[in-house]
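Subject: Structure handover

Hi,

Here is the structure for you to look at. My notes follow below it.

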Amino acid sequence: MAIDNPHFRKKSRFHEHIIETVMFLFALFSMLITVGIVVILVRESYLFFSDPQVDLIGFLTGKNWQPMIHQFGFLPLLNATFTTSIIAMLLGIPIGLFVAIYLAEYASDRMRGILKPVLEVLAGIPTIVYGYFALTFMTPLLRSLFGQDVVEIYNTASAGLVIGILVLPMIATMAEDAISSVPKELRLAAYALGGTKIETTFKVVIPAALSGLSATFLLALSRAIGETMVVALAAGAGPKLTANPFKAAETITGYIVRISGGDVSYNSVDYNSIFALGLVLSIITFTLNLVSRKISTIFHQEYE
Amino acid sequence: MNKTSLAESLPPVFQEKSKVEPTKTIIQLDDVNINYGSFTAVKHASMEIYEHKVTAFIGPSGCGKSTVLRSINRMNDLIRGATLDGRVLFNGEDLYAKDVDPVLIRRRIGMVFQKPNPFPKSIYENIAWGARVNGYRGDYDELVETSLRSAALWDEVKDKLKQNALRLSGGQQQRLCIARTIAVQPEVILMDEPASALDPIATSRIEELILELKKDYTIVIVTHNMGQASRVSDYTAFFMVDQNRTGYLQEYEETEQLFLNPIHKKTEEYISGKFG
Amino acid sequence: MQNSVSFGSEENLLSMMERRRKAGVVWQAVFLFSTSLAILFLILLLFSVIDSTFGFAAIRYEKKPSELMVGKSQLSDFSRQELEETAKTHLSSGILRRVEYEKPIADRTDKDLIGILEQYVLQPSVLRTWGLWASLTKQGEINEYLFDQGDAVLTFKSWLTIDFLFADQSANPLYAGIRTAMLGSLWIILITFLFAFPIGVGSAIYLEEYAKPTRLTRLLQLNIFNLSAVPSIIYGLLGLAVFVRAMETFTSGSLFSGVADTTANGRTILSGGLTLGLLVLPIIIINTQEALKAVPDSLRMSSYGIGATKWQTIWGQVLPVSIDRILTGTILALSRALGETAPLVVIGASTFISVDPSGIFSKFTTLPIQIYQWSARPQGAYRNVAGAAIIALLILLMALNSSAIILRDKLSKKKRMEA
C-alpha cells in the first residue's frame, strides 16, 4: 500500500546532506595525510636513489655516511638509532614494567593517587626538555661515573638512557592497563592453589598479560626509534659506526634534524637523503606499530 | 589435634536419628564473626565439619555462606578491609593464629570457584602449576595423570595435554579446575557454587565427581541449588540474613534431617521455596 | 594420599616457605625501588632545570663600572641628566645612532637608559656560570676561579626574570630573551587550533555518528591510529615538502599581494602551524571520538523521538553534552603541539629572530626551538638561559593544562545547574 499522506513523504533535506558530506570529507582528510606521507617519502627517495652518486646496495650495506665524498651507507645511522633505542628499552622496559606491577598489584589507592600524576607529568614534559636533561645531567653523570676520557661529551648511552626515562610513563601506563585487565579470577585461582603473591604475579598474571605487554614494548620501541630531540642534543653530530655507547654517533632522526636545520638547497642529494632516511624510519616504526596492534587485538580477544 | 569424637559433639537428637557414619572433626568454626570494614557480614558462626564428608552451605543471597567458605582457607584475606574474629580450627590448629601463613593453608584447603577459571596455559601446565610453586618433587607426568583421572577428565584430554585449557568446554574447564586443586594434594576442597555456570549434563558430572572425591577429601560446597545439596551432601548448613544484612547460621543438620524435618520455620520456608 | 611425601616433610615445607616469602619481599622491594626511581627521574629532571636557572655567574666588564660611575655606587643613582650625558659621551657613534633611531634618548625611560648603558658601555660578558647546587656547595672553587681571573665580578643571577620574558634575542646570553619565541609559539598554536580543531571534530563526528561499519570506516579508523603513532619528525618532512616547498606561493603570502617577508620563503608561521595541525589531528580525532562515545545513546534516541533530524540531534544534543570533553582533549593535543620541536626544525624555523612575528606569513621561532638552539651552543651561559626558557615553557604548558581542567569543571558545573 502506498502512502498517500504527504506529511510522511520523504523530504529531501538538502543541508543535512551537505553537512554529512563535509564531515565525510574531513574524515577522508586523515587518509590524505597518510597518502601525502607515502607519496612524498617515496618520491623524494626515488630522486635520491636515482642520483648517480647513490646506489641502493651501497645505501643498505655501506658502512660510511659521508655525503661530502659521496658515501651514502646508512648502517652507521641505523646502528646509532638501534644503540640508543636498545639502551632506552633496557632501562624503560624493566622499570616501566615494575612500576606497572606495583601500580596494578601492590599500590594502595593513596600511592596510586600520587604515582599516576607523576607519570602524567613525566609524559607531558616536551621531549626537548628531556634532551636538555640528557645534556646537562645524564652526560655529566656518566662522565663522572666512568671517566672523562671514556665517555665522550656527546654519546649514545646518555641519549638512550634519557629516552628510556621518556618512554617510561608510556610503558608503565599501558603495561598497567594490560596487567589490570587480567581477570581477577585467575589471581584467586593461583592463591587458592597455595601460590604466594609474587608467584601469582610472575607465573600467572604476567604470562596472561604477555601479549598486551609485548604490544606495549613494541610501541615503546617504535617511539624510541622515532625520538628526535634527545638524540639531536645528546648523541652527537656526525655518523659513526661504533658499538661503543660512550662514543658520539648520529642517529637517523638526529641526521635529519641537523641537515634540515641548516641551509640545505632543494633538489640536492642532501635534501633528498633526509627523505630517504625518513622512509626507512617510517617503514621501521610502521612495522612495529602494526605488529603491536595485531598483538593487542589478539590480547583483547582473549579476554572477551 | 582435636580428639573429640563426633558422637560427643553432636546434639542428642541428631545422634539418635543419624544415618551418616560418624567421622572426626576436621574443621571447627568457633564463634566466627566476619567484617568488611564496619559492616558485619557474618556473626556468631559456630560449626564442625567432618572429615570425608560433603557439607553443603545453603541460604538466600547475601547470607554470608560464601564468606564463611572463604574464611576457611583465608581467601577473605585478599579482600581489602576484611577482618575475622573468633577461631577457625583445622585439625585443631587455629588458622588465624599469628604465625600461620595463609599460603600454606591454601595448599591443604583448596578451592574451586563459581566460574571455571583455568589459567590461559596448557592443560598440563594448569595441573602442574600449583604443585610446582609448592615444591613438588615427584614425577609431574604421573601427577598430571592421577589428578586428571581423579577429576574424571583424563580420557577426554589425554591426547591434548599441551592444548590451551581455555579451549575446553565449560564443564571440562571446571573439572580441570578440580583436578588442578587435587594436584596439590589438599585435605579439604572448598567449592563455591561449582556448577552454577554449567549446563545440566555438566552439572550432574560434577555432582558424580563430588561423591567420588569424598572418599579422599573433605568437601564443603556452597550451592543455590537445593536439589544439589540434597543429592551430594551428608550435612547441610542453612544460613540466614537478619535485618542488618548480617548473615548467621540458622540450622546445621545431617542433610536428610534438615530437608525432611527442619527444626526452624525459616529453614522449612526456604527449602520449600517460599523465599530465596 | 599415595604421593604426599612428594611435597617433602613439614620442616622442608617450612624452610621452603621461608625462601618463597623472602623472594616476595625482595621483589616487592624491587617494585618499590623502580617506582621511587620514576619519581626520582621527575625530581632530577626538574632539579637539573632549576639548577641551571639560578646560580653564580662570573662576569667581566669591558669598561670597569667604577670608571663610569665616579663617586656613585650604582647607575641608578645617576640623575636623568647624568644618564643622558653619559649615554651621549660613552656610546659609540654607530650604537648611538641605532639607539636614537629606535627611540630618541630624550624619550626613553631611566630604566631603559640604564639598560643601554650597561649593555653597550660596560659591555659585560659571562666568563663562567655555576649551577645552583655548585653555587651553594663549591664556594672554594668559585673563589679560586675568581682569584685566577683577577678582574671578574661574581654575581648571583636568576636567569629567569621579567626582562628575560620580554626581551629580544641577543648574541649576549646576559641580554637574551624569549619574547619573539613566545609570540611565535602562540601564533603557531593559534594556526594549529584553527586548522586542526574543525577538521578533527568533524572527522570524529563522521566516524562516531554517521559512519556505518563498512570497510572504508575501518580503514579510516585504523589509519587514524597509525597516524597517531607516526614519529613527529616525519610530519616535519611532510610539512617541508608540502607546505614549505610545494605550496610556497600560498604559505609565504606572495599569493596575496607583496606584503610578505620575502626572506621567509615558505618557512612561515602558517607552514609551521599547518604542520603541527597535521600532527595533532589524529589526537584530536581520537579524543573527540572518546568524548562522543561517552554520550549515552538514550539521549540521541529521545532527540530522534521528538522528530529531530540527525544534524539537529548532533548539534542540539550530542555536542553540547560532550563539548567539555572535546575541548579538554583538544587543549591536551595543543599542549603537545606547544612542546613539539623536531617538525618545526625540519621545516626550517628560523633560529635567530629579533623582530616580533607580525602575522601568519612571518618567519618565526618558537620556545622549544629556542631551547634547542641555546642548549646546543657550547657556551655555558646559554645552558642557563635555556634552563630559564624551559621553566617558562613548562609554566606555559601548566597554564594550558590547568585551563583545560578549569574549563572542564566550569562547563560540567554549568551543565549541572541547567539540569
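A definition to start: helices here are DSSP runs of H or I, at least four residues long, numbered from the N terminus. Note too that the model is predicted.

Take helix α5 of chain B, residues 123-133. It is mostly covered, with 9 of its 11 residues buried. Among the buried ones are B:Ile123, B:Trp129 and B:Val133. B:Glu125 and B:Asn126 are buried too. What do the buried residues of α5(B) pack against? In chain B, they meet α6 (140-150), α7 (154-157) and α8 (170-183). They also pack against α8 of chain A. Just after α5(B) comes B:Gly135, with a positive phi of about 75°.

Now α8 of chain A, residues 197-208, where A:Val205 sits. A:Val205 counts as buried because it has 24 C-beta neighbours inside 10 Å, and the cut-off is 20 or more. Leaving out residues up to four places away in sequence, A:Val205 touches A:Ile179, A:Val182, A:Leu186, A:Arg187 and A:Thr200. A:Leu186 is 19 residues from A:Val205 in sequence, yet their C-alpha atoms are 7.4 Å apart.

Next, the cores. The largest nonpolar core has 271 residues. A:Val162, A:Val230, C:Leu237 and C:Ala389 have the most contacts inside it. Helix α3 of chain A (residues 75-106) gives the most to this core, 17 residues. From chain C, domain 1 (55-157) and domain 2 (179-418) each supply at least three residues. Another core, of 6 residues, lies apart from it and includes C:Leu75 and C:Leu113.

Finally, C:Leu237. Beyond its neighbours within four places in sequence, C:Leu237 contacts A:Ile40, A:Leu41, A:Ile274, A:Phe275, A:Gly278 and C:Val346.

Best wishes

Key: Residues numbered from 1 in each chain as written. Chains lettered and ligands numbered in written order. Predicted model: local features only at pLDDT ≥ 70, side-chain atom pairs only at ≥ 80, totals over all residues. Core = buried A, V, L, I, M, F, W, Y, C linked by C-beta atoms within 7 Å. Buried ≥ 20, exposed ≤ 12 C-beta atoms within 10 Å, placed from the backbone. Helix = DSSP H or I, 4+ residues; strand = E, 2+ residues; numbered from the N terminus. Domains from an automatic or database assignment. Contact = placed C-beta atoms within 7 Å.
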